[in-house]
Amino acid sequence: MTMMVDIRKLSFINEMAKVGTNGVADNMSKLTGEDAQMEVTKTNFIDVEDIESQLDGGKRVGVRVRLLDPPHGHILILFPEASAKKITAIMLRDVVDDMGDVSGKMARSAVEEMGNMMASGFIDGWADVLGRAIDIAAPQLVYAPTGDIVTRTASLGGDDLALFFDSDLSVPSYQIEAEIYAFPDLEEFVEMVNGIEVQPA
């Protein structure tokens, strides 16, 4: 199995990142009623040990979601702590009148639900492009410095190299920010990309 990507398919990898992030933005827009803005900031192959040096050192709250179907791997949805608090308020606004009454368990559940919704939007975009169903496992809540979370997730694949999709989401009217990282199983992802028919120009 070659780990080399057909050079004609490189644009497709960028397209996968864009389609996934568009799905996230759509789901966030539906929830907030405001236009969410999504930008793919990096799409590259990177040594797992070098990832942490490229990340913000602050703590993040979010979810890790495992893909149960090819290309397998994991998706990370991470929020700065201030954004996580705003998300909790949005998710629970129809449930509680006073956010001071919200328990830690309720807040964690809200973040998990939001993260799962965003991850589902990302994966649905991929599934449409690949023409296959991709199921995901229940989201796992994460809370730690960004580098710790991302490096740990990247290393779960067991490869020294990871395909690093880094995207930023913002909902300006709510001042919510989020970061999305995708780490598909490298061998499966490369095989799927190389198997895609390229239309002649």
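Which residues does Glu179 touch, not counting residues up to four places away in sequence? The legends below answer this and describe other close-up views.

The model is predicted: local features need pLDDT of at least 70, side-chain atom pairs count only at pLDDT 80 or more, and totals for chains, interfaces and linings use all residues. Residues are numbered from 1 along each chain as its sequence is written, and side-chain values use heavy atoms, with hydrogens and water left out.

View 1. Glu179 touches Arg60, Leu76, Ile77, Leu78, Thr146, Ser167 and Asp168, not counting residues up to four places away in sequence; a contact means heavy atoms within 4.5 Å. Glu179 has a relative accessible area of 12% and is therefore buried (buried means under 20% relative accessible area, exposed over 50%, partly exposed in between, with a 1.4 Å probe and protein chains only). Ten residues separate Glu179 from Leu169 along the chain, and their C-alpha atoms are 6.2 Å apart.

**View 2. The protein chain as a whole.** Six helices and six strands make up the secondary structure of the protein chain; helices (H or I, at least four residues) and strands (E, at least two) are DSSP runs, numbered from the N terminus. Along the sequence their pattern is α-β-α-β-β-α-α-β-α-β-β-α. The protein chain has 201 residues, of which 46% count as buried. Among contacts in the protein chain with a separation of 6 or more, 76% come from residues 24 or more positions apart.

**View 3. The aromatic cluster of Phe122, Trp126 and Phe189.** Two aromatic pairs are found in a search of the whole structure. Phe122 and Trp126 form a tilted pair, 5.2 Å centre to centre with 50° between the planes. Rings of Phe, Tyr and Trp (its six-membered ring) pair if their centres lie within 6.5 Å; planes under 30 degrees apart count as stacked, over 60 as edge-to-face and the rest as tilted. Phe122 and Trp126 are separated by about one helical turn because they lie four residues apart in helix α4 (residues 104-130). The rings of Trp126 and Phe189 have centres 5.7 Å apart and planes at 40°, so this pair is also tilted. This second pair links distant parts of the chain, with Trp126 in helix α4 and Phe189 in helix α6 (residues 186-194), 63 residues apart. Trp126 is buried, with a relative accessible area of 0%, and Phe189 is buried at 2%. Phe122 is buried as well.

**View 4. Packing of helix α3 (residues 81-92) on helix α4.** The two helices pack at an angle of about 90°, with their axes 9 Å apart. Axes are lines fitted to C-alpha atoms, for helices over the stretch in contact, and angles run from 0 to 180 degrees between N-to-C directions. Helix α3 is therefore roughly perpendicular to α4 (angles under 35 degrees count as roughly parallel, over 145 as roughly antiparallel, 65 to 115 as roughly perpendicular and the rest as oblique). From α3, the contact is made by Ala84, Ile87, Thr88, Met91 and Leu92, and from α4 by Met106, Ala107, Ala110, Val111, Glu113, Met114 and Met117. These residues divide into ten nonpolar, one polar and one charged. Ala, Val, Leu, Ile, Met, Phe, Trp, Tyr, Cys and Pro count as nonpolar, Asp, Glu, Lys and Arg as charged, and the others, Gly among them, as polar.

**View 5. Helix α5 (residues 146-155) and Ile51 of helix α2.** Helix α5 is mostly covered, with seven of its ten residues buried: Thr146, Gly147, Ile149, Val150, Thr151, Thr153 and Ala154. The buried residues of α5 pack against α2 (48-51), β2, β3, β4 (140-145), β5 (161-171) and β6. Ile51 is buried, with a relative accessible area of 0%. Not counting residues up to four places away in sequence, Ile51 touches Ile46, Val150, Thr151, Ala154, Ala162, Phe164 and Phe183.

**View 6. The loop between β2 (59-66) and β3 (74-80) around Pro71.** The peptide bond from Pro70 to Pro71 is cis, with omega near 10°. His72 lies in the loop between β2 and β3. Although not a glycine, His72 has a positive phi of about 50°. His72 counts as partly exposed, at 26% relative accessibility.
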